[in-house]
2 protein chains.
Amino acid sequence: MRHAEFDKQKVLRAAMCTFMVNGYAKTSMQDLTKATGLHPGSIYCAFDNKKGLFIAAIEQYQLDRTQQMQQLFTNERSALDNLRDYLGLIVQEGLSCDATQSCLLTKSLSEMGEQDDQIKQITCEFLQSWHQALSQIFERAKQQQLIPQQSDSQFLAQYLVMGIYGLRTVATTQPCIEVLQPLADKLLRDLISG
Amino acid sequence: MRHAEFDKQKVLRAAMCTFMVNGYAKTSMQDLTKATGLHPGSIYCAFDNKKGLFIAAIEQYQLDRTQQMQQLFTNERSALDNLRDYLGLIVQEGLSCDATQSCLLTKSLSEMGEQDDQIKQITCEFLQSWHQALSQIFERAKQQQLIPQQSDSQFLAQYLVMGIYGLRTVATTQPCIEVLQPLADKLLRDLISG
DNA sequence: AATATTCTTGAATACATATTCAAGAAAGGA
DNA sequence: TCCTTTCTTGAATATGTATTCAAGAATATT
C-alpha cells in the first residue's frame, strides 16, 4: 500500500479560493492544477472530475464556516453581543474587497442553481443549516430574556439571513464602512426591537 | 443603402433571458444564435463580440426596469402604498421560480465583477441609479409627511436596497410566500418606523 | 531484496467554443 | 435595368478545455 501524498484540506482550500475568485465555469482545470499543485490525473483520481472537486471544496467551505461560527458563539457573553461581533465580522469581510472572503454558497447557487440540481440542493441545504444555527442563537437569547418571549426565533434568524445576504451584496458595490456599518447597526436594532 | 433586418429590442431581450438563465460564461454563441435568430456574423457585425452583446443586453435590462419603476410610481397614491406594491412585485418575482425574473445586474456582478472591470463598473453604476431612484421616492414620502422629517432618504433607500438584495437571495432557496411575505412586511415596517 | 500494489505524471485525446471571412442576397440610386 | 453598397450566411479556423491513460515512481509487504 501507498498513501496519497497531498494534504486534502490544503488542496480543498486552494480549490475553494480559486472557485470563489473565478466562479465555477471560468475556473479551468489548469487553474486548479496550478492552485492545488496536483496534476490532472491526481485530481481525477481523488475527486472524479472538476465538479467532484467543486463539491468537495463546497463541503470544506461549509465545515470551515461552521467551525468559525461555533468558536464565535461559544463563550459566556450575551448572545446579542456575540451577534453584534458576528455582524461586525461580516462588515469587515465586505470591506476587505477580497473575493475569498465572500460566500461561496450564495455565489455558487447564483451561478449554477438554475442548471445543476445537485449543486442547488447542496448549497440550499448548507444555507438552511446556517439559518438553523442562527435560530438556535436567537432561542438562547430568548431564554436569557434578551429578547421578548413571544419572539419567533426562526423568523428572526430568517430576517438576519436576509439582511446578511443583502449586506454582502451592498458590500460588492460599496465596500466602505460608512455605508456598511450603519446598515448592520440598523439591522441589529430592527431584529431586537420586537 | 440597406437596413438591418432584425428588431434590436427583440434580439436584446432574447439574449438577456439567455444570459439570465445560463450566466455569461455558460452561454455559448450557439445558444445566442438560437435565442436571437441571428447568425454569428450578424451578431459580430452588430455588437462586436459576445461581450458586446452582453453589455447591450444589460443596458436593455436597465432600460426596461427603469421604465417599469416609473410606471409603478407615477400615480396619485401614497408613496408608502406604492412601496408596498413594489415589494409585493419583488415577492411575486421570487415566487415565480423563473430565472428571467431575477436581477441580471447582481447576477452579472457576482459572476464577473472580480474579473471584468468594465462589467463591474456598468452594473455598479446601474445599481446606484436604482438606489437614487428609491432615494427620490423616500424624499417624496418625507415631503408628504408620511415619514419623519429627520429621515435620511439616502440611508432608507440603501437599507431597502439591502433588503431587496436579501429577499431575492432568500427567494432562491425558499420560493414560498409564507417565507417571503413576512420578510417583506417587516422590512417595510422597519423602514418607516424611524 | 524482490515483488506487488498504489500513486503520480503529463502528454495525448476528443470535444467545445469564440471568432473570422469570403461568397451570396437584398436594397437603393442612377 | 444595372451597379454599388450593405447586410446576411454558415462553414472554416484557431484556440481552449475537460478528461484519459499508459508509463514511471514510490511505498509497503513478503
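Biologist: Which residue lies over the face of A:Tyr24?

Modeller: A:Lys50 does, at 4.4 Å from the ring centre. A charge sits over a ring if NZ of Lys or CZ of Arg is within 6 Å of the ring centre and within 35 degrees of the ring normal. This is a predicted model, in which local features need pLDDT of at least 70 and side-chain atom pairs count only at pLDDT 80 or more, while totals for chains, interfaces and linings use all residues. Residues are numbered from 1 along each chain as written, chains are lettered from A and ligands numbered from 1 in written order, and side-chain values use heavy atoms, without hydrogens and water.

Biologist: How many aromatic pairs are found over all chains?

Modeller: Twelve.

Biologist: Why is the pair of B:Trp130 and B:Tyr165 called tilted?

Modeller: Rings of Phe, Tyr and Trp (its six-membered ring) pair if their centres lie within 6.5 Å; planes under 30 degrees apart count as stacked, over 60 as edge-to-face and the rest as tilted. Here the centres are 5.9 Å apart and the planes at 55 degrees, so the pair is tilted.

Biologist: What makes B:Tyr165 buried?

Modeller: Buried means under 20% relative accessible area, exposed over 50%, partly exposed in between (1.4 Å probe, protein chains only). B:Tyr165 is at 5%, so B:Tyr165 counts as buried. B:Trp130, at 12%, is buried too.

Biologist: Why is B:Phe155 called partly exposed?

Modeller: Because its relative accessible area is 22%.
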